[in-house]
Amino acid sequence: MLTQLLGHQLRIRLEYRGSFLFSLLLHPLVMLLTLWMFQGIYSHHQLDSLLGYSLHQMVWYFGASHFFYYLVWNMVDKNISDRVLHGRMDQILVRPYSLLTWELAALLSEKLLSLAFELIPVWAFFTWICPPDFMTVRGFCQYFLFTGLAVLQFFLMSFCLGLLALRSGDASSANVLKFVVVNLFAGVSLPIVFLPAALQQLITVLPFHYLFHTPVSYLLGTAGPQPWAAALRTAGKQCVWIGAFLVFARFSYTRSVRHFQSVGG
Amino acid sequence: MRAFLELLCLDLQIKLKRALAFRRNFWLRSSIALFHSFIFSTFQLLLYAGVHGYPGWSPEQMLLFQATLILWTGSVDLLFGGLAELIDVEVVYGNFDRFFLWPRSTLVSLLSRGTNIYALGTVLAGLVGSVALLLRLGPGLSVAGLLLCALFFVSGVWFYAALLVVYSGLTLFLVKMARLREVLERIVFFGSFPSDAYFGPGKSAVLTVLPIALWAYWPTQALLGRARLLACESLALAAVCSIAAVAFWRRQECAYTSAGG
């Protein structure tokens, strides 16, 4: 099924290659504006490092938020909610796959293509504009390990939110809530080090930092040179969260699907 | 213009009725939108404090900047927050043809149907915040400053609408917009910093080439009595961009080929 979905997604991308190429061309502009903004701040205050981030690390932090949207961010909850709202849920429920399997396969095929066609060219653009002199091979590999786990974790979180639509009919508020929570607790809109100490402590207890902050701190090397043993321990903790979300997703699905009432399409 | 405003109000009414069909979701989503605005502003202030301030901006002035920004983002979200999704869905599913059958021009029909009722709370919060901070500014405020602020604000909304017109025109041509909407959102993000924070070419870019300074920077500067002649360049470029955007839309409209629906 994954191969078929991959082929399907690939055909869609090739069909709409114009928009894809156009958005690729606009990314250097975004990176340049980020670079100019922080260059202005660093040069005005004559700083070499700001809260542990060099200029290039800071620019890459904000640049990496694009990688988050390519590889981790998903619209699974919105897809489920829209299907319920527009009467298209029935066809999914009669397929020989569970909703969870179908959505995961669709997501993985999309993300694999994003990795090949979006992340690599944009990464090359970013490297050309702002050379990542801080990056190590180990940090690079650890980033992808954590990002892979983050894809699974975020998928399960979104799936649980989407299931609310089976009960309430419209779960678009969950989609907005997800956006706010991820921006706040995962560090997507601002490095966590800028937040008050109490909030930083709260964030380390919650599972959201595994989605963006942790992978990026390994990529940028801001957490210091992390040996593989320490990285694997962190990955183990993230796996525990993933397991908990998986159990909750399965439990919620069996409970929520009983509340679903088809109204046709 | 009158027809546009009437259609806009009608769309807001319909969206409100539809949203109230799911009352709990409506209140929850409005509250989250409001909360998000506050969080976003708090983040901006934390960034401001973290980077030891932006050149020429005191903490109190930054608060006014943030209140103006909330009012601006709330306003454009209320008026055009659903437009990008509307044009995407209409074109992808082949429903765009019906826009040609409606009594008003396609551009008026399109721009008046992209409202987002959930942003109402954000507009109110921005208004309250701006008025409170203006009262605090007190004697420093002049009528000319207020009028200039209103002019920049409206021009900023106008320029944002022009960007959306370009986006919509591109959708007619490209059909599926992929990441272009994210790029548009990222451009809005760059408007949420005072232009003085940018370095060399970046400052020229946000003031003139892509005058996003009109969104919050120039209105706040006008309120602080610091509007400069350079603002006229931003205004002129916004006007040129708007004319070019409408011309681009007309061209795309003529080249549009229906794929059925």
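Biologist: Which helix of chain B gives the most to the lining of the second largest pocket?

Modeller: Helix 7 of chain B gives the most, with seven residues. This is a predicted model. Helix 7 spans residues 143-174, and among the other helices of chain B that supply at least two residues each are helix 1 (2-20) and helix 11 (230-255).

Biologist: What makes a residue part of the lining of the second largest pocket?

Modeller: A lining residue has an atom within 4 Å of a grid point of the pocket. The second largest pocket is lined by 22 residues, and B:Met1, B:Phe4, B:Leu111, B:Trp158 and B:Ala161 lie nearest its centre. The space in this pocket is about 600 Å³.

Biologist: How do the residues of that lining divide into nonpolar, polar and charged?

Modeller: There are 19 nonpolar, two polar and one charged. Phe, Met, Leu, Trp and Ala are on the nonpolar list, so the five residues nearest the centre count as nonpolar.

Biologist: Why is some other space called a cavity and not a pocket?

Modeller: In a cavity a 1.4 Å probe fits but cannot get out, whereas a pocket is open. The count comes to three cavities of 30 Å³ or more. The largest cavity holds about 60 Å³ of space, so it passes that cut-off.

Biologist: Which residues line the largest cavity?

Modeller: The lining includes A:Phe62, A:Ser189 and A:Leu190 from chain A, and B:Phe40, B:Phe43, B:Gln44 and B:Leu47 from chain B. B:Phe189 and B:Phe193 also line the cavity. Helix 2 of chain B (residues 23-50) gives the most, with four residues. By class, the lining has seven nonpolar, two polar and no charged residues.

Biologist: How do you know that chain A and chain B are in contact?

Modeller: Contact means heavy atoms within 4.5 Å. By that rule 48 residues of chain A are in contact with 40 residues of chain B. The two chains bury about 4000 Å² between them, with 76% of it on carbon and sulfur atoms. A:Leu33, A:Trp36 and A:Met37 supply 15% of the area that chain A buries against chain B, more than any other three residues.

Biologist: Why is the pair B:Glu85 and A:Lys78 called a salt bridge?

Modeller: The rule asks for a side-chain nitrogen of Lys or Arg within 4 Å of a carboxyl oxygen of Asp or Glu. The closest N and O atoms of B:Glu85 and A:Lys78 are 3.1 Å apart, so the pair meets the rule. The count between chain A and chain B is one salt bridge. Helix 2 of chain A gives the most to the side of chain A that touches chain B, with 16 residues. That side divides into 26 nonpolar, 19 polar and three charged residues.

Biologist: How many salt bridges are there over all chains?

Modeller: The count is 11. One of them joins A:Asp77 and A:Lys178, whose closest N and O atoms are 2.9 Å apart. A:Asp77 lies in helix 4 of chain A and A:Lys178 in helix 9 of chain A, so this pair ties together parts that are 101 residues apart in sequence.

Definitions and conventions:
Residues numbered from 1 in each chain as written. Chains lettered and ligands numbered in written order. Predicted model: local features only at pLDDT ≥ 70, side-chain atom pairs only at ≥ 80, totals over all residues. Heavy atoms only, no water. 1 Å grid on protein atoms, 1.4 Å probe; cavity = no way out; pocket = protein on both sides within 12 Å on 5 of 7 lines; lining within 4 Å. Buried area = accessible area lost by both parts, 1.4 Å probe.
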